[in-house]
Amino acid sequence: MVEICLKNIRCYSYHGCLKEEGVIGGEYLVSLWVRGDFRKGSDSDSLKDTADYVLLNKIVLEEMAIRSQLLESVANRIVSRVLQEESRLKQATVLLSKLSPPVGGDVGRVSVKISKKRKA
């Protein structure tokens with residue numbers, strides 16, 4: 001089993017329960033871990049034998065562009081779509097962080113982490 005991580009994908013999105021968050025937006029960091037049997041790629045040095053990082057990044061950015069009230073919803077959409085579009089993956093985990101959230105205090109970030117395994 002091989003684990004691949006796209007760490008700290010930066011994006012500007014408009015998630016949150018407050019009306020202002022949908023207008024002003026905010027900065028987010030997304031890290032995505034995927035697991036699958038990609039050992040063949042170590043020997044072949046061919047993209048067809050591993051997960052496509054470009055596709056994974058594209059999925060994250062497209063799902064982050066869809067406004068949601070809850071980070072949990074966005075994170076769930078990301079892992080579900082990754083597993084749907086990359087059939088060789090066995091598991092996906094996403095850590096979605098909202099930087100400087102409006103929670104009435106000095107909080108650097110709030111994060112949600114969701115993992116899903118492919119159903120056999």
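Predicted model: local features only at pLDDT ≥ 70, side-chain atom pairs only at ≥ 80, totals over all residues.
Biologist: How far apart are the closest N and O atoms of Lys40 and Asp49?
Modeller: A salt bridge here is a side-chain nitrogen of Lys or Arg within 4 Å of a carboxyl oxygen of Asp or Glu. Asp49 is buried, with a relative accessible area of 9%, whereas Lys40 is exposed. The two form a salt bridge, and their closest N and O atoms are separated by 4.0 Å.

Biologist: Which helices hold Arg81 and Glu63?
Modeller: The side chains of these residues, Arg81 and Glu63, form a salt bridge with an N to O distance of 3.1 Å. The pair ties together parts that are 18 residues apart in sequence, because Arg81 lies in helix α4 and Glu63 in helix α3 (residues 53–64). Helices are DSSP runs of H or I with at least four residues, strands are runs of E with at least two, and both are numbered from the N terminus. The helices asked for are α4 for Arg81 and α3 for Glu63.

Biologist: Which residues do salt bridges that share partners join into one network?
Modeller: Arg81 also forms a salt bridge with Glu85, at 2.5 Å between the closest N and O atoms. Both residues lie in helix α4, four residues apart, or about one turn of the helix. Arg81 is buried at 16% relative accessibility, while Glu85 is partly exposed at 37%. Through shared partners, the network is made up of Lys58, Glu62, Glu63, Arg77, Arg81 and Glu85.

Biologist: What covers the buried residues of α4?
Modeller: Helix α4 has 15 residues and reaches 21 Å from its first C-alpha to its last, close to the 21 Å expected at 1.5 Å a residue; the expected span is 1.5 Å times one less than the number of residues. Its buried residues are Leu71, Val74, Ala75, Ile78, Val79, Arg81, Val82 and Leu83. The cover includes β2 (26–36), α3, β3 and β4.

Biologist: Which residues does Leu83 touch, not counting residues up to four places away in sequence?
Modeller: Leu83 is in helix α4 (residues 71–85) and is buried, with a relative accessible area of 8%. Its C-alpha atom is 8.2 Å from that of Lys117, 34 residues apart along the chain. With contact taken as heavy atoms within 4.5 Å, Leu83 touches Leu89, Lys90, Gln91, Ala92, Lys116, Lys117 and Arg118.

Biologist: Where is Ser100 found?
Modeller: Most residues other than glycine have a negative phi. Ser100 has a positive value, near 50°. Ser100 is exposed at 59% relative accessibility, and its place is the loop between β3 (89–99) and β4 (109–117).

Biologist: What is phi of Asn8 near?
Modeller: Asn8 lies in strand β1. This residue is partly exposed, with a relative accessible area of 38%. Its phi is positive, in a residue other than glycine, and is near 60°.

Biologist: How far away from Cys5 is the nearest cysteine sulfur?
Modeller: A disulfide is a pair of cysteine sulfur atoms within 2.5 Å. By this rule the count is zero disulfides. For Cys5, which is in no disulfide, the nearest cysteine sulfur belongs to Cys11, at 15 Å.

Biologist: Which cysteine sulfur is nearest to Cys17?
Modeller: Cys17 is in no disulfide either, and the nearest cysteine sulfur is 18 Å away. That sulfur is the one of Cys11.

Definitions and conventions. Residues numbered from 1 in each chain as written. Heavy atoms only, no water. Buried < 20%, exposed > 50% of the residue type's maximum accessible area, 1.4 Å probe, protein only.
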